[in-house]
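Here's a quick tour for anyone meeting this protein chain for the first time. Keep the picture open while you read, and look up each residue as it comes along.

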Amino acid sequence: MIKEAGMASLLLENPYYGCRKPKDQVRSSLKNVSDLFVMGGALVLESAALLHWLEREGYGPLGMTGISMGGHMASLAVTNWPKPIPLIPCLSWSTASGVFTTGVLSKAVNWRELEKQYCTQTVYEEEIIHLLEYCGTDSFKMGQDFVKNSPRSLDSLAHLKLASDIFDFKDTRDSLSTEPVQPLHTNHDANGLMFQSGSKVSIIGQEPTGQNVNSSKSGRPRGLGSMRKEENNRNKALQRESFLFMKGVMDECTHVANFSAPVDPSLIIVVQAKEDAYVPRTGVRGLHEIWPGCEIRYLEGGHISAYLFKQGLFRQAIYDAFNRYLQKYPM
């Protein structure tokens with residue numbers, strides 16, 4: 001970029017990555033869901049500090065960009081900047097909730113542990129749920145209403161039908177039947193993404209009544225099938241509700257609609273891949289709705305192919321956004 005346009009770059013390394021990675025973390029596999037929120041808050045603060053420092057040193061115009069999670073973090077950082085600034089988020093979208101609930105990386109989440117914690121830690125349902133904000137069709141409260149009032153109607157929602165593929169409903173006789181999945185990019189038996197919890201609580205099932213345990217000629221208790229069916233229904237309800245809670249927390253903390261809009265959205269050029277399976281856009285509010293006036297450019301291919309082979313288009317979007325800034329705000 002220095003040779004092409006005389007533009008220099010300052011690279012900010014994410015917390016929990018590279019030299020900033022905790023000693024007991026394997027590669028980029030965050031140990032806890034909460035680590036993602038700490039990372040986002042730290043990047044917003046650090047980005048503001050760096051932008052102020054660059055201004056004092058006389059550099060400009062300044063802009064922000066990133067690819068994948070870096071693009072989303074750049075978007076969050078710009079929402080906290082009080083001046084017009086070019087923003088070029090590449091291969092990211094309006095919220096991280098879909099990435100970890102319906103996208104490819106959803107299979108890297110330890111859903112079994114999350115379900116257990118959601119079931120046993122009452123603070124999630126009694127306190128945290130009430131803190132989640134409604135911010136559109138992809139928010140938590142809509143799903144919460146479906147769970148409470150009409151659980152079966154969840155199957156009609158396209159984005160939740162996609163999520164059902166995450167879970168294995170073939171055998172739910174155990175209270176938590178979903179097989180544990182591996183953390184991001186690792187082959188070890190760690191817990192992967194999960195909420196921090198120090199409590200251990202046993203799950204106690206309802207004792208069968210005398211009417212349900214009368215023996216048949218075969219010696220098998222009567223009503224066993226109906227008991228298993230009820231248990232299956234409870235397990236499915238727990239899986240759905242914990243899934244929706246995860247989605248709601250992700251939307252609350254990462255949805256750009258919950259943050260201030262950038263000062264001048266016309267300086268934003270979003271670059272997205274048409275077949276991106278890592279960052280789903282189905283059922284999610286588009287950035288053009290949240291930031292009216294921004295430009296969205298779609299590339300052919302998916303997340304990985306775009307990252308490997310479309311770097312030139314990313315750079316062109318950066319140059320175009322900076323030229324747009326110079327036209328509107330001559331230095």
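Let's start with Tyr 59: at 54% relative accessibility, it counts as exposed, because the cut-off for that label is over 50%. Keep in mind that this whole model is predicted. Tyr 59 sits in the loop between H2 and strand S1 (64–67). Along the chain it is 51 residues away from Ala 8, yet the C-alpha atoms of Tyr 59 and Ala 8 are separated by 9.8 Å.

**Loops with something to spot**

- The loop between H2 and S1 also holds Pro 61. The peptide bond that runs from Gly 60 to Pro 61 is cis, and its omega is near -5°.
- Now go to the loop between helix H1 (2–5) and H2, where you'll find Arg 27. Arg 27 isn't a glycine, but its phi is positive anyway, at about 50°. With 52% relative accessibility, Arg 27 counts as exposed.
- Ser 68 lies in the loop between S1 and H3. Its phi is near 60°, which is another positive value in a residue other than glycine. Is Ser 68 buried, partly exposed or exposed? Ser 68 comes out at 26% relative accessibility, so it counts as partly exposed: buried would need under 20%, and exposed over 50%.

**The chain as a whole**

- The protein chain has 12 helices and 4 strands.
- Of its 331 residues, 44% are buried.
- Take the contacts between residues at least 6 apart in sequence: 76% of them join residues at least 24 apart.

**The largest nonpolar core**

- How many residues does the largest nonpolar core have? It has 49, and the ones with the most contacts inside it are Leu 36, Met 64, Phe 100, Met 246 and Trp 291.
- Several helices give two or more residues to this core: H2 (33–56), H3 (69–78), H4 (97–101), H5 (111–120), H9 (224–254) and H10 (287–290).
- H2 gives the most to this core, with 8 residues.
- Leaving out residues up to four places away in sequence, Met 64 touches Ser 47, Leu 51, Ala 74, Ala 77, Val 78, Ile 85, Pro 86, Leu 87 and Ile 88.
- Another core lies apart from the largest one. This other core has 15 residues, among them Cys 90, Ala 317, Ile 318 and Tyr 319.

- H2 and H3 pack at an angle of about 55°, and their axes are 9 Å apart.
- Which residues meet here? From H2 come Leu 36, Met 39, Gly 40, Leu 43, Val 44 and Ser 47, and from H3 come Met 69, Met 73, Leu 76 and Ala 77.
- H3 is largely enclosed by the rest of the structure, because 8 of its 10 residues are buried. Those buried residues of H3 are Gly 71, His 72, Met 73, Ala 74, Ser 75, Leu 76, Ala 77 and Val 78.

- Find Gln 272 in strand S3 (residues 269–273). Gln 272 is buried, and its relative accessible area is 0%.
- If you skip residues up to four places away in sequence, Gln 272 touches Leu 91, Ser 92, Trp 93, Val 279, Arg 281, Arg 297, Tyr 298 and Leu 299.
- Leu 299 lies in strand S4 (residues 295–299). At 8% relative accessibility, Leu 299 counts as buried, since that is under 20%.
- In sequence, Leu 299 and Leu 91 are 208 residues apart, while in space they are 9.6 Å apart, C-alpha to C-alpha.

Note on methods. Residues are numbered from 1 along each chain as its sequence is written. This is a predicted model: local features need pLDDT of at least 70, side-chain atom pairs count only at pLDDT 80 or more; totals for chains, interfaces and linings use all residues. Side-chain values use heavy atoms; hydrogens and water are left out. A nonpolar core is a set of buried Ala, Val, Leu, Ile, Met, Phe, Trp, Tyr and Cys residues joined through side-chain atoms within 4.5 Å. Buried means under 20% relative accessible area, exposed over 50%, partly exposed in between (1.4 Å probe, protein chains only). Contact means heavy atoms within 4.5 Å. Axes are lines fitted to C-alpha atoms, for helices over the stretch in contact, and angles run from 0 to 180 degrees between N-to-C directions.
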